[in-house]
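Trainee: Hi, I'm new to this one. Could you walk me through it?
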Amino acid sequence: MEKVLITRRISDNAVKLIQEAGFEVTIYAASKNLSQQELIERCAGHCALLSVGSNRLDEHFFKSCPQIKAIALMSVGYDKVDIASARKFAVPISNTPDVLNEATADIAFLLMLSVARKAFYMHKTIERGEWTFFDPLKHLGQEIYGKTLGVFGLGRIGFEMAKKAKYAYGMNIIYHNRSSNVKAEEALQAKYVTLDELLRQSDVVTVHANLSEETKEIFDRNAFEKMKPSAIFINAARGGIHHEGDLITALQNQVIWGAGLDVTNPEPMRSDNPLLQMENVCVLPHIGSATQETREKMAMMAATNLVAALRGEQMPQIIDREFYLAK
Ligand code: DGY
């Protein structure tokens, strides 16, 4: 029987789906990231990989694992995958788009409100026994009703975030993308702006773009200096899109007002990171898609894609849309 490697424990239903399709499943169940070399070694004797977590799948990996016929990622992001090499080695690779849009946008929205009202920090003051008397001038947050939300990367997750901001808080939506998003312009009256305009006009900047050479650390000192001193910066996409040292400096010098991060640069964030002590900062450990419902859908989508490829069918969520045409 051919074998499939899964790099983490995932939903039983997804594992069953692969087994019922006639494959033996090996699960790497340790709570430890695999190095690339360890992953290559574990792939030996397996015909396909369901990759959970941020495994680097580059030319070296494909060269070292010629027996791997298909890979399903259990993530929407694929910044650790060299898609051109996958094409060269004829390995179809799928991701899990759409099913996590709402859960991930919920986390961005939660961070926006939590930063605006200093929620995480205020929780810590209670733990420290600092809830003493009512001071009408202390710990004041800010309201976001009717303010401007600047979405950097208005794709499917950015759309969900913009929708919540528009309908719940009457926020005015502006965005910056590689291409315009007609659906968002029609449904949310979102306005396309240059990156400079986005930085200068937004009360809240929310990042939902992919990490690429183009977006790597694009939110650096220069970008923060263009933002309003009252602005809130939210990143629920990839930590590599902001320069964390510059973000810390911008917050310490009150260049911007606050920040909410579900992703950090690097990950995991160290417990002595100064951001964790700041009143106007909220940090979460990359939990955008972490709901029972969403993780179940992601696992089932990844398993369905893998089984399709192993049956010689097209993967429904193939990342490289030209892959089958190029074959
Ligand atoms: C994704 O799906 O890309 C999430 O960020 C989890 O890695």
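This is a predicted model: local features need pLDDT of at least 70, side-chain atom pairs count only at pLDDT 80 or more; totals for chains, interfaces and linings use all residues.

Trainee: Where do Tyr 145 and Tyr 169 lie?
Mentor: Tyr 145 is in the loop between α6 and β6, while Tyr 169 belongs to helix α7, so the pair ties together parts 24 residues apart in sequence.

Trainee: And is Tyr 145 buried or exposed?
Mentor: Tyr 145 is exposed, at 53% relative accessible area. Tyr 169 counts as buried, with 17%.

Trainee: What about Phe 224 and Phe 233, why is that pair edge-to-face?
Mentor: Their ring planes are at 85°, and over 60 degrees counts as edge-to-face. The ring centres are 5.3 Å apart.

Trainee: New topic! Which residues are around the ligand?
Mentor: Ser 75, Val 76, Gly 77, Leu 100, Arg 238, His 286 and Met 298. By class, that shell has 3 nonpolar, 3 polar and 1 charged residues.

Trainee: What lies 2.8 Å from an oxygen atom of the ligand?
Mentor: An N or O atom in the side chain of His 286 does. A polar backbone atom of Gly 77 is also 2.8 Å from a ligand oxygen, and for a backbone N or O atom of Val 76 the distance is 2.7 Å.

Trainee: How much of the ligand does the protein bury?
Mentor: The protein buries 78% of the 230 Å² that the ligand exposes when taken alone.

Methods
Residues are numbered from 1 along each chain as its sequence is written. Side-chain values use heavy atoms; hydrogens and water are left out. Helices (H or I, at least four residues) and strands (E, at least two) are DSSP runs, numbered from the N terminus. Buried means under 20% relative accessible area, exposed over 50%, partly exposed in between (1.4 Å probe, protein chains only). Rings of Phe, Tyr and Trp (its six-membered ring) pair if their centres lie within 6.5 Å; planes under 30 degrees apart count as stacked, over 60 as edge-to-face and the rest as tilted. A residue is near a molecule or strand if one of its heavy atoms lies within 4 Å of it. A polar contact is a pair of N or O atoms within 3.5 Å; within protein, one must be able to donate a hydrogen and the other to accept it, and residues adjacent in sequence count only if both atoms are side-chain atoms. Accessible areas come from the Shrake-Rupley method with a 1.4 Å probe; for residues, only the protein chains shown count as cover. Ala, Val, Leu, Ile, Met, Phe, Trp, Tyr, Cys and Pro count as nonpolar, Asp, Glu, Lys and Arg as charged, and the others, Gly among them, as polar.
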